[in-house]
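Biologist: I have a new chain to look at, and I would like to go through it slowly with you. Could you put it up on the screen before we start?

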Amino acid sequence: TMAGLLLTVPDLVALDLPGLVKRAGYPGTKTIPAAGYLLSLLALKLTATRRVSHVDDLLCDPAPALLAGLSVLPKKTALTDYSYRLSHDHQRAFLAALDARMISAGLATSEEAIFDLDFHAVMHWGADPALEKHYVPTRSQRSRSVLTFFAQDTGTHNLVYANADITKATQNREVIAFCDHWKQASGWNPRMLIMDQKVTTQQVLGELDDRGVKFATLRMRSPALMRQISALTSADFKQITLDRPGRHNKPRVAESAGVKLTKYPGTVRQLIITGLGRDAPTVIITNDHDITTKALIGQYARRMTIEQRLAEIIQAFCTDALSSAVNLNVDLDVVLCVLAQALTAAFRLRLPGNYGAATPDTLQRRFLDTPGEIISDGASITVKINRRAYSPVLRHASLPAATAVPWWGGRQLRFEFT
C-alpha cells in the first residue's frame, strides 16, 4: 500500500481542509461528503495519476481512499462529473480561504507581498473543441487550449492563485481580479506585481497605479523605441553588479524617470538594460520610483521562478494531462494543483536537512510513494512506513506524535518508521 501518501494528512488538518470546503460551499451527496470528493481528486494529484479516468489504478490501494476518509475511491464517472456541478465562485471562495490559512501557517506573505504572475495554456488533445487558440510553449504554436492564470508569492515561492475561467476578452483584467482576491484573503492589496508584457495592457497598469499597487513589467520593443535605444551613447549607461553567480552579473543600465507611454495615463520609470546575455536590450518599466535599480532588476529576474513552479506542477501533478474542452473542469484541476503544491511545501518544512528547495516530484518519489502497513484499532490508525534509503529523514522530521483527523471521525493518526 502507498502508506507514505498519508504523510500529508497532518498538514491537511493544519490547513483545516473541512473548513476550507465548507467556506467554499462545495456540494456533496448522502454517500460521499464534499470533503471526500475533493480529497479523492487530491489523492490523484499527490500520486501523479495523469487523469481522473485512471482512478482505477488506485482502487486496490487502501491509502488513497483512507486519505479521503472513504472505504474506496469513487468511480471515474462520479469524479469526472463532480467538476461539472461547480462554478468558478466555488474555486474563488476556496482559494480565498486557503490563502488565509497559508498566511497564518507561514506559507504565504501577508503584508507587503510581491507576486509573480503568468499565463499558461493547457492544450486540448481531443477533436473539434469549442475553445479559443492560445500560444502553447511545448508546441511553439497557437493551438486550441484552455488559458490558465497563476500567481506566485515571491517570498515563499508558493503558488497562491489559479484561474481557468478566462477568455481572450477578459484575460487583460485578470491582474485586477487577482488584486481583489488577495485583498479578500489578506486584507491588503499586493505591494507589487511582476509580469511580462503580455499579461495585461497599459490601461490596466494605470488602474493598478490608482489602487496603489506597484508593478514591474517589460516594454514592447517597438521600432521607435529601438531607434531611441540605438541613439544612446556609452555615457548614458551605468554599470551595476548583481548578487548572482555567472557571466552576466554586471549589466549596463540607462534609466529614465518620467517616460510617457501611449495608453498609460501617467509616466513610468524605464530601465534599458544590456549585458544580460540577450541580443537585444531588456526594457523594464515600473511605477515604483523608490526601489533601487539593482533591486528592481533582481526582482524581475526572479520572476522566472514562476515558470519553474509551473514546470513542477506539470511534472508532479500532471497539469497538462487533463484533456477537457470545459473550462470548469480545468478550473477545479488547477485549484487542486495549488492545494497540492501548498501541501508539499508544508511537508517540506517538516523535513530536516537541505529539503528547502526540493521539488514536489522529488518529495513524491522519496516519501509519498513509500509503501507501508496501515493498522486500525478503532480509536486510532497507525501507519508503519517501510524502511527505505530516506527513512532516516522521516525519523527526524517534525511530524506530530498523533493527529486527530476530523474526516475520520476524530480518530488519531500515528506514524511508525521501521
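Biologist: How many helices and strands does the chain have?

Modeller: Please keep in mind that this is a predicted model. In this model, the secondary structure of the chain comes to 14 helices and 14 strands.

Biologist: And what is the radius of gyration of the chain, next to that of a compact globule?

Modeller: The chain has a radius of gyration of 23 Å, and this agrees with the value near 22 Å that a compact globule of 418 residues would have. If you follow the C-alpha trace along its principal axes, the chain spans about 80 × 50 × 40 Å.

Biologist: What share of the residues is buried?

Modeller: Of the 418 residues, 53% count as buried.

Biologist: Where does E112 lie, and is it buried or exposed?

Modeller: E112 lies in the loop between helix α6 (88-104) and strand β1 (114-123). Its relative accessible area is 54%, and because the cut-off for exposed is over 50%, E112 counts as exposed.

Biologist: And where is H157?

Modeller: H157 lies in a loop as well, the one between β3 (141-153) and β4 (158-163), and at 30% relative accessibility H157 counts as partly exposed.

Biologist: Now charges, please. How many positive and negative side chains are there?

Modeller: The chain has 48 positive and 38 negative side chains, and the centres of the two sets lie 3 Å apart. Side chains of opposite charge can pair when their charged atoms come close, and a search of the whole structure finds 13 salt bridges.

Biologist: Which residue forms a salt bridge with D118?

Modeller: That partner is R303, and the closest N and O atoms of the pair are 3.9 Å apart. R303 lies in the loop between α10 (293-301) and α11 (305-317) while D118 is in strand β1, so the pair ties together parts that are 185 residues apart in sequence.

Biologist: Are those two buried or exposed?

Modeller: Both R303 and D118 are buried, and for R303 the relative accessibility is 3%.

Biologist: What else does R303 meet in a salt bridge?

Modeller: The side chain of R303 also meets that of E307, with 3.3 Å from N to O. E307 is partly exposed, at a relative accessible area of 36%, and D118, R303 and E307 are linked in a network of salt bridges.

Biologist: One more pair, then: what forms a salt bridge with R173?

Modeller: That is E207, and the closest N and O atoms are 2.7 Å apart. This pair links distant parts of the chain, with E207 in helix α8 (residues 202-210) and R173 in the loop between β4 and α7 (174-186), 34 residues apart. E207 is partly exposed at 29% relative accessible area, and R173 counts as partly exposed at 40%.

Notes: Residues are numbered from 1 along each chain as its sequence is written. This is a predicted model: local features need pLDDT of at least 70, side-chain atom pairs count only at pLDDT 80 or more; totals for chains, interfaces and linings use all residues. Side-chain values use heavy atoms; hydrogens and water are left out. Helices (H or I, at least four residues) and strands (E, at least two) are DSSP runs, numbered from the N terminus. The radius of gyration is taken over C-alpha atoms; the globule rule is 2.2 Å times the number of residues to the power 0.38. Buried means under 20% relative accessible area, exposed over 50%, partly exposed in between (1.4 Å probe, protein chains only). Lys and Arg count as positive and Asp and Glu as negative; His and the chain ends are not counted. The place of a charge is taken as NZ of Lys, CZ of Arg, CG of Asp or CD of Glu. A salt bridge is a side-chain nitrogen of Lys or Arg within 4 Å of a carboxyl oxygen of Asp or Glu.
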